[in-house]
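User: I'm new to this one and would like to learn how to read its sheet. Could you walk me through it?

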Amino acid sequence: MLEKIECWVPRRFRVIARDCVALQPRYRSRADADLTARYRRLRELAHHQPPTHTLRRYLMAHTFTVGREAIRRTLGIEHRPVQLLGAAVVAHGHLAEIVTGEGKTITLFLAAAVHALRGNGVHVITANSYLAARDAAALEPAYRLLGLTVASVPAETHRKARRSAYAADITYGTLADFGFDHLRDALVTDPADRVHRGHHVAILDEADAVLIDEANTSLILTTSTDAAAGRWASALAAVVPRLTPVLDYHGRLGEGQVGYTDRGWRRLHQFSAVDPEAWRSAEFLAAAQNALTAHLLYEVGRDYIVDDEQVLLVDVHTGRSLPGRRLATGLHQALEAKEKLPVRADPVPRASISVQRFLRQYRILGGVSGTVMSEAAELRRVYRLPVTRIPPHRPTRRVDLPDQLYPTSAARDRALVDEVLAAHRQGRPVLVSMPSCSAARNLFRHLTAVGLRPRLLTAEDDQAEAQVISQAGRSGAVTVATGLAGRGTDIRLGGSDTAEARRIRRLGGLLVLAAGRSTSPRADRQLAGRAGRQGDPGTTRFLLSAEDDLLLDNASTELRRVLDAHPGHTETPLVGRPVDRLVRRAQATADWRQFLARRQLQRYDEVIDHQWQAVTRSRNHILTGDLHDALPTLAAAVRGWAPVQLRDVGGRMWPASAFCGPDGAEAATRDRIGDALVQHGQQEIRQRLLAVVAQAWTGHLHTLLVHQDASHAAAWLHLDPVEEFRRVAISSYQNMITLARRELLRTLLQNPSPPVLPLRHRDRRCRGTAQNEPPQDPPSHRPTR
């Protein structure tokens with residue numbers, strides 16, 4: 001097998017796979033204890049020998065062999081050569097493209113065992129919490145045979161439980177689990193409260209979903225606040241529906257970009273009874289933008305639902321509601337005002353990090369996906385990750401039928417029902433993918449009305465999702481899914497019944513139907529990969545509508561040209577080269593826009609990251625350093641201060657020498673800081689200073705987040721939005737440093753309660769998720785909800 005694919009995979013990976021195959025007979029007859037001892041010896045070699053190329057090859061080949069034997073004994077599965085190749089790619093810190101159904105879970109097991117040799121902790125990032133717990137539990141016997149510990153990040157929020165999970169050699173979890181725990185660790189007031197052991201190795205299952213699809217997401221850790229709710233949300237929500245499209249606002253809905261025209265701003269000023277001074281503030285401008293965004297881009301039942309007088313966000317692709325999540329800095333308030341609900345105060349962001357920036361912290365990053373090769377250039381540029389395609393174990397027998405274009409979505413839905421009925425009469429399993437939760441429920445009702453008993457898969461429950469998708473290959477099964485719901489779970493023809501599987505193969509295997517194309521060709525290939533796994537037969541067909549958002553937003557001119565060239569058709573679909581060309585153009589345009597959005601976010605993120613790193617270094621110095629050495633440098637900040645400024649931060653208890661020029665003020669301040677440390681002790685002073693730094697950064701982060709979304713206004717002046725954001729960020733940072741130093745001195749010299757800097761609530765549309773900081777143990781550390 002390995003000889004047949006030499007042209008596919010680089011030699012250094014093939015060598016590891018060949019070594020493993022050659023070594024396998026040596027370990028086949030050994031006892032379990034011998035395997036455990038052998039892996040322990042490999043760990044000792046990894047710790048004590050210099051990491052030469054020869055040693056790395058030796059360690060990887062023998063670890064693969066021991067791990068392969070452990071999987072065979074505990075799970076009854078033997079790694080195929082292509083899985084060894086994939087594991088070698090991931091173990092080298094690369095990405096491997098492995099088609100759906102080729103056994104990615106046990107492939108990642110070997111890579112994790114190699115990375116665990118050095119004992120620094122390996123994080124395996126999966127699609128959802130259910131899959132993380134499932135994979136950790138399924139592989140635990142094999143890990144235990146090697147002498148390794150494995151855990152999944154628990155749902156409990158207490159630090160002790162999560163720290164125990166991170167202490168394991170291998171930790172399974174979701175991106176949100178690892179990311180939010182990292183943000184919480186950055187805000188601890190005691191180093192012992194940290195749960196992470198560092199960011200050494202991350203292995204990504206479904207890597208394209210994390211590295212590309214979620215790259216525009218920001219993880220924002222928030223806490224509740226007693227501040228007043230948005231002042232302008234309700235007034236603006238009443239005005240925006242009175243504006244006229246095109247004349248008062250415009251934008252590209254496909255890109256999620258909308259904005260007011262000059263006439264729109266004038267009419268907004270005319271209709272809204274707002275203080276004229278508000279028009280000078282970025283907060284009001286951002287609130288106006290949020291009102292327009294909520295009105296045009298967010299649809300009830302698709303993007304959110306209203307339950308018990310609350311706006312609950314919904315994942316448009318899976319239908320999963322997201323209780324407890326809020327769109328940060330004003331957009332959620334705009335939705336509440338739009339639905340005429342009580343407008344609640346936004347939570348206060350305490351820390352933020354983008355997915356890109358978080359993942360780049362890992363020293364070694366690798367993973368697998370079925371559709372990642374097309375993004376190889378971007379992945380190498382952003383994450384420095386090479387991509388290698390691994391051939392399938394058996395050649396694919398899937399048949400991809402040409403796309404069909406219908407004039408209306410209603411005609412397309414009728415064709416979908418007919419296709420499903422025809423396949424169901426044959427006893428062939430059918431998987432239908434719909435673009436949204438509402439569309440999936442609508443098709444479910446149509447199928448039920450014609451006498452079928454379909455299963456609806458909306459990913460509202462991860463465990464039920466995996467159970468439904470695992471039965472989607474049974475004879476006569478009809479499964480309606482939203483997007484890529486069920487990703488990470490195989491569809492086996494006939495389930496566990498081999499006779500039924502043979503009968504389904506004779507019928508042509510699984511039929512995958514999709515209502516429309518995705519904005520990304522990768523998602524379409526991932527969906528098509530549901531059929532024809534491991535050499536099974538299968539069929540795919542995409543049914544498009546001239547009303548699909550993809551075509552209207554990204555290729556409207558080409559769509560009109562195609563429809564005009566074929567007038568008069570109603571129920572007969574268009575098929576052929578014009579339709580294929582139309583789809584390619586629309587997807588290329590949408591993909592390019594999403595790439596530009598990711599690149600723009602990366603530029604914003606570089607500014608925030610630079611400042612966050614500086615604040616983190618200062619915070620760590622306070623947290624772990626000797627304050628007797630660190631704090632006297634604050635005294636230099638008073639050089640050039642007037643006497644009234646000294647009295648403002650330190651009261652009137654100053655020696656006369658403090659007013660004898662800059663040197664006298666600095667010397668007197670240094671003496672008073674030393675006295676405060678002696679009087680109150682380092683631990684008490686440390687907690688006060690950390691509170692000042694946290695409050696200063698929170699206020700600055702408010703400013704950064706609102707101006708990041710308000711920076712679109714720079715385009716009206718033909719300026720670079722990122723450069724305008726950079727200018728505001730630098731000015732705000734310098735102001736934060738000045739205020740923070742003043743508050744630090746006041747805390748040291750006046751012995752007050754921990755100060756609270758004034759926080760101004762600003763509004764911002766958050767492209768990612770904001771998570772309220774949960775209660776932590778011990779109880780004394782619980783934030784106010």
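User: Let's start with strand 14: how many of its six residues are buried?

Analyst: Keep in mind that this is a predicted model. Buried here means under 20% relative accessible area. In strand 14 (residues 364–369), five of the six residues are buried, so the rest of the structure largely encloses this strand.

User: Which way does strand 14 run relative to strand 5 and strand 1?

Analyst: The general idea: strands of a sheet pair through backbone hydrogen bonds, in either a parallel or an antiparallel way. Here, strand 14 runs parallel to strand 5, joined to it by five bridges.

User: What is the order of the strands in the open sheet?

Analyst: Its seven strands go 3-4-2-5-14-1-15, with parallel pairing. Strand 3 (150–152) and strand 15 (387–389) are at the edges with a single partner strand each, so one side of each has no neighbour in the sheet. From one strand to the next, the twist averages 20°.

User: And what packs on the sheet, touching strand 2 and strand 4?

Analyst: That's helix 6 (residues 129–145), which also touches strand 3 and strand 5 (201–205). The helix direction makes about 165° with that of strand 4. As for the two strands you named, strand 2 (residues 122–126) and strand 4 (residues 170–174) are parallel partners over five bridges, and Val124 has Tyr172 in strand 4 as its bridge partner.

Definitions and conventions: Residues numbered from 1 in each chain as written. Predicted model: local features only at pLDDT ≥ 70, side-chain atom pairs only at ≥ 80, totals over all residues. Heavy atoms only, no water. Pairing = 2+ DSSP bridges. Helix = DSSP H or I, 4+ residues; strand = E, 2+ residues; numbered from the N terminus. Axes fitted to C-alpha atoms, helices over the stretch in contact; angles between N-to-C directions. Contact = heavy atoms within 4.5 Å. Buried < 20%, exposed > 50% of the residue type's maximum accessible area, 1.4 Å probe, protein only.
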